[in-house]
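Please open the model in a viewer and keep the selection panel at hand.

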Number of protein chains: 2
Amino acid sequence: MTKNPKFKITPIGGLGEIGKNMTLFERNGEGFLIDCGIMFPANDMHGVDYIIPDYRWLEERDDIRLHGVAFTHGHEDHIGAAQHVIKSFPGIPLFATPLTAGLLQVKLKNARLLKSAKIHTFNGGDTIQIGPFTLHSFHVCHSIPDCVGYGIETPYGMIVHTGDYKFDNTPVHGRKTDYARLAGFAQRGVVLLMADSTNADKSGWTQSEAVIDGALDKVFRGAKGRIMVATFASLVSRVQQVVNAARNHKRKVCITGYTMSEYAKIARKLGYLDVDDDMLVSVGQALALPPHKVVFMVTGSQGEPSAVLGKLAAGRHRQLDVRKGDTIILSSHPIPGNEEMVYRTINRLIERGADVIYDSIEAVHVSGHACQEEMRLMLNLTQPRHLMPVHGEVRHLHLHAKLAADNGVAAENIIRVENGATVELNARGVTVGERQPGGYVFVDGSGVGDVGRAVIRDREILAQDGFVLVSVNVDHRSGKLIGEPRIVSRGFVYLKDAEDFLDQIRDNITEVVNRSRRLNGKRKNLVEESLGKLIYNETKRRPMIFSIVNEV
Amino acid sequence: MTKNPKFKITPIGGLGEIGKNMTLFERNGEGFLIDCGIMFPANDMHGVDYIIPDYRWLEERDDIRLHGVAFTHGHEDHIGAAQHVIKSFPGIPLFATPLTAGLLQVKLKNARLLKSAKIHTFNGGDTIQIGPFTLHSFHVCHSIPDCVGYGIETPYGMIVHTGDYKFDNTPVHGRKTDYARLAGFAQRGVVLLMADSTNADKSGWTQSEAVIDGALDKVFRGAKGRIMVATFASLVSRVQQVVNAARNHKRKVCITGYTMSEYAKIARKLGYLDVDDDMLVSVGQALALPPHKVVFMVTGSQGEPSAVLGKLAAGRHRQLDVRKGDTIILSSHPIPGNEEMVYRTINRLIERGADVIYDSIEAVHVSGHACQEEMRLMLNLTQPRHLMPVHGEVRHLHLHAKLAADNGVAAENIIRVENGATVELNARGVTVGERQPGGYVFVDGSGVGDVGRAVIRDREILAQDGFVLVSVNVDHRSGKLIGEPRIVSRGFVYLKDAEDFLDQIRDNITEVVNRSRRLNGKRKNLVEESLGKLIYNETKRRPMIFSIVNEV
């Protein structure tokens, strides 16, 4: 066996945020990962496209051999960073259930990485071997088909990683969360449960996806014109529910948007989306049909301006528009931070004449995550010795820990760590070991990690009050100003309407430059200081101030 | 009587947004306003402090005599622009109930406008005369005491303006919404109802403020250490509820923050806050008490970084800190757009060791606005011929209109207009007249209206990708570059770490300047175009690009 008996677990992302899930499991120089997802930027992470976990320390470790990445399901917060991980660890094998593998293929094809990727497909319930590690996958319900969690064998008992789950007893695709497998793990002894915390502040049970069928049926029955349903491209089971409603109400279905079309295509091919060829129509065909004969599936349920719904709201879609009589369903719930954009989109769609149905009006969406009673059920089924709450903001992890303590898990066995902290398992139990950097890596344009906190902070200041830059030419002998100062400014005030103020600025600079001609080196600072004071006194604002002093 | 019999109503703000409420009522050259509030900026209104209604067209109208502003209640979205309105219409009388008048006084004192303000105080239920207009005020429940709506006499029947309301049968301060008055209006004939639409997407009834008492009692009973309760400074009845809970649990109360202290002082003086002197302690006294003997009332329940709770979360408060064992209650609900900041604040407080209770965990907050069943009750009590949904985003106004139609108001009598649209009332009914500009006026620093859409758009671009500015000196005879190009950049990438890229930029500029020496006028454009292309190709980003070409 091994010389170093410790089994180590390092959550790289997903603790303290919803997104960028990634966990490293290792023992004696061998390791594997579960998931590698992305996270969407907060409103004040200006200009950032998305965020990936900070695993740069893992790239630099030459004492570990990574045997693969095991995925739990195909949502972006679990698979979205696959392209980055493949680039960082060339040739690393990927393990996934068929639908997750299909969605990974779409993603890697778009990144031109499909050919070099090694994807191993297995079915939920299969036991898989990743290097020296044995993982027993088990099916869980969530809001996409083909989700799994993993029971990981260790010398000290099983680690159970739930993935994203809920206990849906009437799921769209029929398959329930695998109660038997979870109970079986308990019989073998679960040393550590790593469980989804997303809804830890919600009491009771999450509603079944089945309630959506009823809500869709009601809305479809009432709709006289066209119907448009917005949801995530990856919510394959929701697409199925819309297809079912459309079938019942004799409407054709038009799936719009590149990603949603690609995902639907692969889901159909793999048997996760049941829709006959003659029910699907192109946008062109759909527009030729009577309004009450068609449903459009669109992206943009989070208010993203560049997705289909955002373009429809702004009247900027090339083929489609929103008309009086249209019924638009948002089969989604705003991710915290997106509320403003989602409601703005809804308001604009209503202004264009649509009737908009969202989840507070009808049950056209339910959460994919376990609420408090399900979290208790998971604890009672698996009977873990230790619990590590994962997948949630700090408030969710905190409440999950409280719930577990109320439910009988010993307080000292509840492990609340931050991203990057290594948790060590040995015969005596669990200890928290060293800490790796557990932060964010910003992806912006083609840059990965080149935009850091300092640049974001500058963007924030520029967003608040803009900047003012003055450029002056001075005679290198006399130190006197030559010509007029030139002023460049954006985001401050509309200077073209403020001629008096511009004159004040020019006078101020001229005065400072001419007065300070003996202080060559400091002149730049003096100009900026004086200009900053003038601007603050006049406007109570603090734009960024720059000066360029050309000695000629 | 008058020659022009038309009675005109112009909503200046509050339609299509929650905030900046203001409505003009006029007849034959005489007029008055109801409310003048502010609105808080959306996340993409960079650098804006707050927004006031655009009534500049009213300032320019010399055909109308304004006789006063009647206020419905003391929340910022109804009184917050009072200082601007007083400056625009010097000497305009203000009409308000005692608590609203008290809060106005605090506000105007801070703006050094109190001495010139004419405030007329009346009690809810009183009939007031504003110039030639007769207004019957009536008490309504909301989340601050002393709220009223108005029944306005017109030759064509009553106009009923609800203000913000709910039908709370067990309000904190005992006084119910005035069912009798509302029914009385119906007997006289209500030609137009203008009613709060905020919760039009919520079914059923809003819970009574009384449920908060039970929730606070439960949390107070369980808290072993200090308690901090965050809410709006103006939520005077919530402060009363916290005081009551503190009294029951033998804790002293420490009210922190300038605005909350000022508001509590005036509310006590006027009899709207019942708390004995010996229950109130200063921060210094509170810190000397055992932890289980004190409650702090703090501001910052919307996640504002500059309020007390935000400072506590960041560890930047001068006197207070958050410790393990503290219980923090957010007696509030995030205003759409604030969710991210509120949850971030909660997460940080938990990281500092506090237990944080918010409205999804216990009923420590309820809405102050009517839900759908109450909206139906208002329609049934007042039996209006016409309805104008007010106070809400477009989605709320739309749903309120639908609800009214379902409830029997004739579709053609439901008036859905935008801010600035004038609605005319005459013997035949209601017509929609001309439209004034109904937009936003941004207040930023000391500037009112000098930051417009163009500046905000520039701030957005700067926030996304920053800017790059190059300054070059060229010989005015040869057109050749003199010295090196100088580069100023912020918010783009951290250029100090990108020496190669800087060299590339310099080479590019040198090449363009020297190549284009015969195209004097166009050289600036050529430099910017070439630099923009280089930057996009290398980084896939589009910072703002500027150049300064100095001919020397």
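Buried area is the accessible area (1.4 Å probe) that two parts lose on being put together, summed over both. This is a predicted model, in which local features need pLDDT of at least 70 and side-chain atom pairs count only at pLDDT 80 or more, while totals for chains, interfaces and linings use all residues. Residues are numbered from 1 along each chain as its sequence is written, chains are lettered from A and ligands numbered from 1 in the order in which they are written, and side-chain values use heavy atoms, with hydrogens and water left out.

**The interface**

Select chains A and B together. About 5,600 Å² is buried between them, and carbon and sulfur atoms give 53% of that area. In contact (heavy atoms within 4.5 Å) are 62 residues of chain B and 62 residues of chain A. Next, highlight B:Glu340, B:Arg395 and B:Arg541: these supply 10% of the area that chain B buries against chain A, more than any other three residues.

**The parallel sheet of chain B**

Helices (H or I, at least four residues) and strands (E, at least two) are DSSP runs, numbered from the N terminus; two strands pair if DSSP finds at least two bridges between them. Select the open sheet of 5 strands in chain B, which has the order S15-S16-S14-S17-S18 and parallel pairing. Its edge strands are S15 (252-255) and S18 (355-357), each pairing on one side only. From one strand to the next, the twist averages 20°. Within this sheet, S14 (residues 227-230) and S16 (residues 294-298) of chain B pair in the parallel sense over 4 bridges, and B:Ile227 stands opposite B:Val295 in S16(B).

**Two helices of chain B**

Which angle do H6 (residues 210-222) and H7 (residues 236-248) of chain B make? They pack at about 40°, with their axes 10 Å apart; axes are lines fitted to C-alpha atoms, for helices over the stretch in contact, and angles run from 0 to 180 degrees between N-to-C directions. H6(B) and H7(B) are therefore oblique to each other, since angles under 35 degrees count as roughly parallel, over 145 as roughly antiparallel, 65 to 115 as roughly perpendicular and the rest as oblique. To display the contact, select B:Ala210, B:Ile212, B:Asp213, B:Leu216 and B:Phe220 of H6(B) with B:Arg238, B:Gln241, B:Val242, B:Ala245 and B:Ala246 of H7(B).

**The antiparallel sheet of chain A**

Finally, select the open sheet of 3 strands in chain A, ordered S5-S23-S24 with antiparallel pairing. S5 (50-53) and S24 (447-448) of chain A stand at the edges with a single partner strand each, so one side of each is left without a neighbour in the sheet. S23 (residues 440-444) of chain A is joined to S24(A) by 2 bridges, and A:Val443 stands opposite A:Val448 in S24(A).
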